[in-house]
Amino acid sequence: MKNIFKIIGSIVVIFPSLVFGQTVTGDEIIAKVNELMNQKSSYAVVKMNIETTSGQQRTFEYESWSKNGGEKILIRYTKPRRAKDQAILMLNNADDIWAFFPRTNRVRKLATHAKKQKMQGSDFSYEDMGSGNAFITDFDAKLLGEEEIENYDCYELELKRKDGVNSSYSRLIIWVIKKNYVPIVIDYYDEDDPESRVKRLVQYDIQNVDGIPTGMKIIMYNKQNNTQTSMEFLDIKYNVKIDEDLFTERRLRK
Amino acid sequence: MREKLLKKLAALHTNHPWRMLLIVFVLTIIFIGLSERLSVTMRWSDLLPSDDRRTIQFNQIIEKFVSATSIIVVVQGEESRMKQFADELAPKLLTAVDTSQNSKIDQKVSELNEKIHELKDKDSKQDDIEKLLAEIASLKAKQNRPIIKRVDYKTEVDFLKNHGLMLMKENDLRNLKDAFTDPNLSGFLTNLNNSMEKEYIGQSESISTREKEDQAVMFLDGIQRLVKVLEKYGQNKKVTESEAKTLVDKLLIGEPYFLSYDEKALVMNAIPNFTMFDTDLLVSGTEAVQSILDEQLKKYPDLKAGLTGFVPIGHDEMVYSQRSLGYTTLIAIIAILALLIISLRMWFAPLFAIFNLLIGIIWAIGIAAAVVGQLNIMTQMMAVILLGLGIDFSIHIISGFKEWRAAGDSIGVAMEKTFMKSGKGVVTGALTTALAFLTMMISSSRGMKEMGIVTGLGLLAILLTTMLLLPTILTLWEKFTVWIRSKGKGEAYQKTRDLSFNFLGKTCESLSKHYLFSLTAVAIVTILMIWSATNITFDQNYLNIEPKGLTSIELQDTIIDKFDLDMNYALVIGDSVEESRTLAEDYRNLGTVARTEDISLYLPSDLKQKKRIPHIRDIKKAMKFASVRSRVSANELLKIKQEIERLEMNIMEMQDMAYIGGQDRVDDKCKQIIGSPTNSDSKNLIKQLLNILNNSSINQQIQGFSHFQKGVSPYFKKSVMQMCTTDPIDLNELPESIIDRYCNQSRNKFLVTVYPAGSLWTDSDFFRRFVDDIESVSDKVTGMPPVFRALIDIIGREGRNAIFFTLVIVFGLLWLDFGKPKYALMAMVPLGIGVFWMVGLMYLTGQQFTVMNVMGLPMIIGIGIDDGVHIVHRWLHEGKGKVRTIFASTGKAILLTSLTTMLAFGSLIFSIWRGFGHLGAALFVGVAGCFLTTVLILPGIIGWMEKNK
């Protein structure tokens with residue numbers, strides 16, 4: 001549905017002058033969002049904080065590489081020592097997921113139905129982490145209006161799931177910053193109950209990285225479980241050259 | 001009219017003291033008789049309106065579901081010892097009998113026997129005699145009544161052995177069915193590993209929720225047992241038949257005992273033959289069970305065990321709160337007595353005051369029994385509250401009487417003057433406070449309403465004794481001292497020393513003269529207090545109100561800690577199995593819900609059962625044709641070792657995924673099997689098994705594992721075949737223990753228990769969301785979380801209304817009393833500001849509002865108004881320029897009455913029930929605040945008014 005690395009993605013192909021002062025439609029805005037989110041490639045060092053089932057906070061650091069607008073993603077844990085070198089490979093917009101365990105030196109294919117499940121104890125699902133053009137292919141967009149949110153002038157969009165689409169969310173409400181098309185806040189609504197908001201994603205500390213507006217910190221608030229997962233970008237680069245070979249089972253073993 | 005009455009009353013005391021004493025004596029006997037009917041309830045639901053849906057549902061559940069009234073035995077220690085302990089304790093608990101009623105019944109029976117003899121002597125009708133004999137039989141049946149109906153401390157093993165597979169989810173069956181198809185060791189291990197690898201992400205998914213994380217832990221628990229038993233077989237050590245069977249049962253149906261995650265605690269659930277409404281049995285039943293437990297513990301000094309659950313908590317709260325209220329009352333009496341003796345510098349009068357007060361409290365209790373019939377968590381404190389407030393009346397009467405006697409008046413004249421001067425003020429003050437309390441009757445909450453009734457009427461009762469009893473005692477005492485003096489045996493009557501507080505008079509006079517300064521200073525302090533008051537927060541943590549140091553309460557924390565189960569769950573009744581199933585499913589879909597328990601756990605829908613049948617048939621078919629080999633070959637031995645190594649890797653990966661996924665319980669269980677990856681010294685059972693195998697001869701291993709094939713495999717095959725029953729499960733087929741747990745006695749109502757996914761009491765936001773969520777599914781839901789939330793809302797809302805109405809009523813009364821609204825307002829100013837000071841002081845002394853002390857706000861209006869009333873009365877009586885006299889004399893009286901009230905409320909801080917302490921502390925600072933505002937503000941106002949007159 002949406003790719004975290006795309007959310008923080010670029011507005012390289014944005015021509016604000018064409019937009020300002022003109023009436024825009026929901027489809028046009030979401031196309032721009034999708035466009036800026038679909039960066040060719042990215043590399044990031046991320047610090048992630050999760051809450052364990054016994055209520056403790058646990059912090060991880062990992063490196064991630066994405067390619068083809070997030071169609072391929074590799075995550076490799078670097079901290080803490082216990083998780084070091086564990087890796088997750090997501091291909092085909094997270095339809096195929098693989099895991100590598102350094103202790104056993106084995107790679108395991110994870111079933112595709114995991115797409116809707118929580119990713120590694122976080123409040124992000126595998127689906128949240130990577131799914132190409134889902135904003136356009138899976139949802140119908142409608143401009144609800146304009147609103148100031150998180151101190152930004154934003155477009156407020158509603159994305160309704162198209163018939164027959166297999167997504168975890170019945171609809172999304174997205175606030176898109178007018179000046180750079182960054183989706184600053186996204187509300188996710190229950191798969192079966194379009195009135196029940198299950199999660200909210202907020203991007204903080206928008207910085208220009210390689211000319212691309214990037215939320216250096218992303219927090220996913222899980223309303224259902226009353227938990228939250230924060231992802232902080234310690235380093236991020238766009239449109240870097242990444243070898244195709246990196247996204248293979250063989251390279252997963254490092 | 002009022003004056004006439006008071007004069008007449010004073011004359012009665014002087015002329016007919018013994019007659020008055022007789023009247024009081026008769027009334028006291030009547031009230032003692034009434035008070036015996038008073039019962040106590042410690043249920044929070046009894047504080048809500050009686051027609052509140054949560055209360056109705058809660059009471060229905062307690063009445064109709066035996067499982068709602070439970071005695072939980074929590075045992076802690078080593079696993080095998082705990083199991084042994086439980087096996088021995090369970091039958092003993094069933095022998096517990098209630099003997100508390102035996103002597104009463106014996107007495108009644110002998111009375112009936114006497115009647116029968118009399119009837120026989122009179123040759124009365126045989127029918128009458130038979131009726132009495134039937135009554136005797138019915139009474140005797142109540143003697144030595146068994147207390148415990150059943151003890152649940154294991155899962156329903158027999159039922160699960162027949163229907164275990166039918167109870168597995170279709171997905172689990174699909175994924176795990178291979179593991180059930182080969183009873184031989186190598187085949188079983190291979191299938192187990194295949195399942196784990198195939199299911200890997202499935203497991204990862206399934207352990208992402210609490211319920212499924214439990215399943216993963218249970219699965220790993222079976223593997224842990226397997227590894228331990230394989231270690232014995234690998235060394236060709238003897239494995240008993242029981243050990244082999246336990247292994248198979250653990251692999252197939254899990255741990256039968258109710259063990260904690262760390263296997264260091266075990267719970268037993270004793271279902272009593274009575275409900276929470278049987279107050280007598282609640283006490284005697286808990287004590288009988290506790291005594292059996294104590295006896296059993298003597299044999300197991302290495303174990304710890306205690307009781308918790310609704311019944312023991314109800315028992316402890318009732319017994320210990322009453323006991324603790326008893327000693328707080330005693331503390332209050334001693335402290336008040338000491339204060340009075342020191343300040344009045346006399347012995348007998350304070351003793352009379354306390355005696356009068358105690359008689360008044362007996363009357364108040366009798367009235368409470370007649371009017372409300374039952375004391376609840378809040379009204380239990382009535383004695384201490386009345387003690388603090390009621391003593392004031394006696395102080396005024398004694399002070400007045402002593403003053404007039406010291407001035408040389410005869411007993412009769414002194415009494416009349418006392419009634420005319422002090423009596424009027426006492427009556428006005430008592431009526432104002434009582435009416436202010438009675439205003440709380442407007443509340444729909446029974447807690448607040450009954451608090452208003454009990455304290456309001458109680459105060460009137462004490463006013464009556466102060467008017468009827470105390471003057472008589474004073475009269476008789478004075479007559480006695482006069483007689484002593486006339487005999488020349490005592491000292492001559494000495495005029496009382498001037499006991500007024502001159503320093504207070506001087507200070508207030510100065511404040512009055514410099515009213516601009518004093519009023520400005522008070523305004524500044526008041527602003528600071530208002531600022532403090534705005535910072536005060538509401539503590540929604542119900543556990544902070546509960547009694548401290550009680551085993552039953554502390555064991556609740558043990559259960560949360562060891563079993564991760566909050567006993568403050570929500571409950572809802574379904575009218576059919578289908579409704580119960582739907583409700584449970586809807587609740588499970590809520591993010592705020594950890595898990596649910598209902599009959600559908602043992603009674604899946606027809607559709608689900610049908611879907612499971614083909615998978616069960618596949619298992620049955622495969623197992624039917626699987627042969628059990630009696631001997632392991634050398635090739636198989638190699639395969640077994642490889643599979644054990646593979647099993648270790650699978651658990652390692654499961655552990656790593658659990659660590660990254662934050663599933664601590666799974667991670668911990670893996671640590672028990674393969675050790676901790678960060679601690680090389682931790683024990684790895686699988687490595688240990690492999691080492692043992694590597695160090696023993698091939699023959700030894702072959703022999704050992706062949707024993708496995710002979711000892712375990714046939715039982716495994718038999719058990720799996722037994723579990724392959726595909727007959728649909730019907731409600732009537734369920735064991736009684738399961739039905740009792742989830743159904744009412746008529747078997748037409750079904751109980752669903754909903755456990756919260758977070759900490760209700762430490763996270764107020766979660767608490768509110770949990771209640772909102774569960775109420776959105778069904779408005780029939782009840783239990784501690786919705787009851788407590790409703791209580792907070794109702795008391796908060798109606799507390800505000802009560803404050804408003806009390807102010808209006810107090811103002812009306814004072815207007816009537818003073819004749820002019822400006823004097824009524826003048827008397828109310830210190831109170832109004834005092835309320836802000838109270839909340840400000842609460843914040844500054846580290847207090848928070850709770851559901852208990854928030855009632856202190858409407859109460860302080862009734863209590864705090866007296867100070868202002870007495871000062872304004874005296875000022876109007878004395879006239880201009882008498883500020884020093886007013887505050888030296890009346891100021892002293894209000895200081896004394898404030899101190900006695902503070903001592904009584906302050907004594908509640910020592911109560912074991914922290915909620916009582918909260919109210920006591922709030923009223924303590926409230927009374928202090930009102931006294932301070934009275935002596936700081938009124939002199940200034942008087943000064944200003946006198947100057948501008």
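Modeller: Before we start, domain bounds here come from an automatic or database domain assignment, and the model we are looking at is predicted.

Biologist: Thanks! Which residues of chain B make up domain 1 and domain 2?

Modeller: Chain B is divided into two domains, each written as several segments of the chain. Domain 1 takes in 2-43 + 315-535 + 789-948, and domain 2 takes in 157-264 + 596-755.

Biologist: What separates the centres of domain 1 and domain 2 of chain B?

Modeller: The centres are taken over C-alpha atoms. Between domain 1 of chain B and domain 2 of chain B, that separation is 70 Å.

Biologist: Let's turn to the helices. How are α17(B) and α32(B) oriented to each other?

Modeller: Helix α17 (residues 411-438) and helix α32 (residues 784-818) of chain B pack with their axes 9 Å apart, at an angle of about 160°. Angles over 145 degrees count as roughly antiparallel. The two helices, α17(B) and α32(B), are therefore roughly antiparallel.

Biologist: Is the crossing of α17(B) and α32(B) left-handed or right-handed?

Modeller: At this packing, residues of α17(B) including B:Leu431 and B:Leu435 meet residues of α32(B), among them B:Ile809 and B:Leu813. The crossing of α17(B) and α32(B) is right-handed.

Biologist: Now the open sheet in chain B: which strands stand at its edges?

Modeller: The sheet has four strands in the order β10-β11-β9-β12, with antiparallel pairing. Two strands each have a single partner, so one side of each is left without a neighbour in the sheet. Those edge strands are β10 (593-597) and β12 (782-783) of chain B.

Biologist: Which residue in β12(B) is the bridge partner of B:Leu571?

Modeller: Strand β9 (residues 570-574) of chain B runs antiparallel to β12(B), and two bridges join them. In β12(B), the partner of B:Leu571 is B:Thr782.

Biologist: Over to chain A. Where is A:Pro80 placed?

Modeller: The peptide bond from A:Lys79 to A:Pro80 is cis, with omega near -5°. A:Pro80 lies in the loop between β3 (72-79) and β4 (87-91) of chain A.

Biologist: A:Asn105 has a positive phi although it is not a glycine; is A:Asn105 buried or exposed?

Modeller: A:Asn105, with phi of about 55°, sits in the loop between β5 (96-101) and β6 (106-110) of chain A. A:Asn105 has 11 other C-beta atoms within 10 Å, so A:Asn105 is exposed.

Biologist: And in which strand of chain A is A:Asp205?

Modeller: Phi of A:Asp205 is positive too, near 50°. A:Asp205 is exposed, with 11 other C-beta atoms within 10 Å. The strand that holds A:Asp205 is β11 (residues 197-209) of chain A.

Note on methods
Residues are numbered from 1 along each chain as its sequence is written. Chains are lettered from A and ligands numbered from 1 in the order in which they are written. This is a predicted model: local features need pLDDT of at least 70, side-chain atom pairs count only at pLDDT 80 or more; totals for chains, interfaces and linings use all residues. Two strands pair if DSSP finds at least two bridges between them. A residue is buried if 20 or more other C-beta atoms lie within 10 Å of its own, exposed if 12 or fewer, and partly exposed in between; C-beta atoms are placed from the backbone. Axes are lines fitted to C-alpha atoms, for helices over the stretch in contact, and angles run from 0 to 180 degrees between N-to-C directions. Angles under 35 degrees count as roughly parallel, over 145 as roughly antiparallel, 65 to 115 as roughly perpendicular and the rest as oblique. A crossing is left-handed if the near helix is turned anticlockwise from the far one by less than a right angle, and right-handed if clockwise. Two residues are in contact if their C-beta atoms, placed from the backbone, lie within 7 Å.
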